[in-house]
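Subject: Handing over the two-chain model

Hello,

I am passing this structure on to you, and below I go through what was found in it. Please keep it open while you read, so that you can look up each residue as it is named.

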Amino acid sequence: MSTISRAELLLQQNKYDLAEKELQLHLAENPNDAFSHAYLALAYSGLGKDQKALEAAKQSVSLIPDASFPLYVLSRCYVSIDNLKDALATSEQALRFAPDDADFLCNHGAILCDLKKYEEAITALNSALENDPEHAGSKQIKSIVLRNQGRYKEADDIAQEALEDNPEDAHSFAAKGWTALDSGNTKESLQHFKSAVMIDPNSEFAKSGMVMALKAQNPLFNLFYKFHTWIASLSPSARWGFIIGIYVFMRVLRKVSETNSPIAPVLGFIFALYILFAFLSWTIDPIFNIFMRFNQYAKYALNRGEIIASNIMAFLLISAATQYLLTFALPWYPITGAIGALFLTLPVSGTFNRWDTKKFIPHLVYTIALSILWVANIVLPIAGNDIPSLWFLFLGGTIAYTWISQMGK
Amino acid sequence: MTEEQLNQLKSAVELSPDNVVLLKMYFNGLKALHKWNEAEEIISNLNKLEPSVEHQVEFAQVLYHLNKISQGVLILENALASDSNNMEAYKLIILLYYKENDENTAYKYYKRLKRIDPDFSDEEIDELFSSEDDNSSEDDKIRLLSAPEKITPIIPLEKPDVSFDDVGGMQSVKEDISMKIINPIKHADLFKQYGKKIGGGILLYGPPGCGKTHIAKATAGEIDSAFISVGINEVMDMYLGQSEKQLHEIFDFARNNTPAVIFFDEVDALGASRNDMRGSAGKNVINQFLQELDGINASNDGILVLGATNAPWHIDNAFKRPGRFDRIIFIPPPDAIARKEILEIQLKDKPKMEVDIEKVANKAVNFTGADLKSLVDYTIEEKLKVILKSGKETPIKTKDFLSAIKKIRPSSMEWFETARNYAVYSNQGGQYDDIKTFLNIK
């Protein structure tokens, strides 16, 4: 009992390394203490050792399969490794044993929110709040769910309520910031994010919000942000309907522009605008991150993935411009270099958008393969060995990427 | 008992709340699954419906787990009044008093228990009293436990034999501490004449393994004072035992032995943001710590409180107000001079070396003492692998160390990533300016 209490205290104080030591010492003598294995899993999670946490949680459940707490911990471990399916199943099992536990219900709501099952998430979170009306986590998640549903007023109200319970709650400030940002109040959102990072400067939720709010001060970026917010609020089928609809509409427009010569320039202009819009809707985020690197306040808020992506984007854009100019200076220099660099920004953006998720590696592999094709399409023509099919493979592969990666969303 | 069965029992109890058999079954289930809060409610009802010594003991057992010491003691005293030979009640009351750090009373009950059953043996209870001298009489033991000086030094007192000369490098830190601490104590009269109080609190913060404890000891050595070191384990015990009294005793002990340095390692555990400790049992201890720092009930003149922490951001701002930890000193990783000294010690008895230590020290930027030790270990291991493969014994050279440096990530890096965020976004009052300077952030 005393080891558990000690470990609980240490975990509460974020002293995960000390909690780990305490629990390991205890488990060396009591290897079958299921609750200690569960607490050890929480300590590992805090230290970012997700795989070890999962093993400890599984061990805990195997020792006492009928207890709710180990199942709840296991569910949280699955969330950490992005395995939402198992996280949900385990969370359901935990709730079967303890249907009124606010922490378990909150975890359940968070998983459902990640799975975009918003109505079910709201039900779980409401139950949590019925059992514990001051449960901060449930209020925070509920605010996120409501924001994702476009119910900004309610989202703001619940975050405000959480802040009234605890005025030093960074997460609720950030939740208010995101709600303000999505409803178009960029200035207000920046204030909330600044309050959030002041309280907890290590909160990714707050820092990413702050960077987004800083970028959204720019009208062009703001336009795209609103577009993204709107697209994200659509149901998957409506989203696909919209994308395919626009695509078909543009194909028709192009056909018409080819046959009907008087309005061809106008239609051509609209078509060019569409291409630019489609291109920027993919790449504007990492492109703006290049500028954020020069902002004293924002540069430390970017995560490693965003920094790497902005570096690659800067390289590709400069490379496209340089190679384009080279084609004028050196007539033999292939235009594929410049065009390919621009095309590559699409998969690079999509790949780093998945930084820290298990989809990152497959996306990265695909992007590296496209990059090799891009280089081949520069080097081979210079060497006098032009293979057109390789170029079409590159273009087709890039366009296919934009469609395939949409399916994963 | 599974949770499913427990839920079924709960429903049954809700239907017939006066059914003693059902309540007992439900209580046993709750106990088995460590659900002490619910168990408390059930056993309380059970005891009302069917008052008995057995239920009272069960009740006290639950209260023991919930840290409700005085309530548990009260119930057990009633139980023992009804059944003065109940061994379980004795055992539990001993544990309760011990948990409250009232070793005297715990021992008195232990003695009564032994009088009733001289052959009584229980591993948990025997362990509590086994450390006493077995040759002394039982009366001696009580006297020992009754004497106040026996209770107080739970925390070891030492006179450190290290001084600033034993701390490599860290010149600016030493100068800082001299001005803020050592001179006011060494020239106490001068300071008194100018109306400056001696004592107060200083917070040392920085990445782990950079010598915070060492410099604290050296500070005590410089002023030739008593050094009382309180570690994380003692603090956790205070929380668990709800023992703010123990904290008071530490300060009182220091007040009787001035000049004294009380050193709290991992002080963020004791000065945790009360926000973080919401609903926790530790609040009383935190409040007691504030009172002791303020010296509300007794003067703190001549007492220096040093705190060390890796996470100053988790310390409640209340602790950083004037008169408490009002001076905050950043202890960075060892500088090049200190690294050279550490490496010289590490390589002292290793003959097969042809190393330019200064060059290695200059390259090992941000390496802590522990990192330098693993650098030496790693380099030697790598060299041995090569020797075993080639069969040629060659000395370890500077370049071996330099290539090893590239492969070891200094352990302080992770700390600086977190610290940088606080320095950039949460630097109210410039409290983390030293980190900004160290990291060259404008």
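Predicted model: local features only at pLDDT ≥ 70, side-chain atom pairs only at ≥ 80, totals over all residues.

Chain B contains 22 helices and eight strands, whereas chain A has 20 helices and zero strands. Of the 442 residues in chain B, 49% count as buried, and in chain A, with its 409 residues, buried residues make up 47%. If you take the contacts in chain B between residues at least 6 apart in sequence, 71% of them join residues at least 24 apart; in chain A, residues 24 or more positions apart account for 56% of the contacts with a separation of 6 or more.

A covered strand in chain B

Strand β4 of chain B, residues 260-264, is mostly covered, with five of its five residues buried. In a regular strand the side chains alternate between the two faces of the sheet. For β4(B), one side carries B:A260, B:I262 and B:F264 and the other carries B:V261 and B:F263, and both faces are covered, as these residues are all buried.

Which strands pair with β4(B)? Strand β3 of chain B (residues 226-230) runs parallel to β4(B) and is joined to it by five bridges, with B:A226 standing opposite B:A260. Strand β5 of chain B (residues 303-309) also pairs with β4(B) in the parallel sense, over five bridges, and here B:F264 stands opposite B:G307. Strand β3(B) is itself mostly covered, since four of its five residues are buried.

Where the chains meet

The size of an interface is often given as the accessible area lost when the parts come together. Here chain B and chain A bury about 3000 Å² between them, and 53% of that area is on carbon and sulfur atoms. On the chain B side 35 residues are in contact with 37 residues of chain A.

Across this interface there are two salt bridges and nine residue pairs in polar contact. On the side of chain B that touches chain A, the elements that give two or more residues are α1 (3-15), α14 (232-241) and α21 (412-425), and the residues of that side divide into 13 nonpolar, eleven polar and eleven charged. A:K15 forms a salt bridge with B:E266, with the closest N and O atoms 2.8 Å apart, and A:K15, B:E266 and B:D268 are linked in a network of salt bridges.

A search of the whole structure finds 22 salt bridges over all chains. In one of them the side chains of A:K139 and A:D165 meet at 2.6 Å, N to O, and this pair links distant parts of the chain, with A:K139 in helix α9 (residues 136-148) and A:D165 in helix α10 (residues 152-165), 26 residues apart. A:K139 is buried, at a relative accessible area of 2%, while A:D165 counts as partly exposed at 27%.

A:D157 is partly exposed at 38%, and A:K153 is exposed at 59%. Is A:K207 buried or exposed? A:K207 counts as buried, at 5% relative accessibility, whereas A:E204 is partly exposed at 41%.

Lastly, A:Y39 has its place in helix α3 (residues 34-46) of chain A and is buried, with a relative accessible area of 10%. The side chain of A:Y39 makes a polar contact with the side chain of A:E8 at 3.4 Å. A:Y39 and A:E20 are 19 residues apart in sequence and 8.5 Å apart in space, C-alpha to C-alpha.

With best wishes

Terms used. Residues numbered from 1 in each chain as written. Chains lettered and ligands numbered in written order. Heavy atoms only, no water. Buried < 20%, exposed > 50% of the residue type's maximum accessible area, 1.4 Å probe, protein only. Pairing = 2+ DSSP bridges. Contact = heavy atoms within 4.5 Å. Buried area = accessible area lost by both parts, 1.4 Å probe. Salt bridge = Lys/Arg side-chain N within 4 Å of Asp/Glu carboxyl O. Polar contact = N/O pair within 3.5 Å; in protein donor to acceptor, adjacent residues only side chain to side chain. Nonpolar A, V, L, I, M, F, W, Y, C, P; charged D, E, K, R; others polar.
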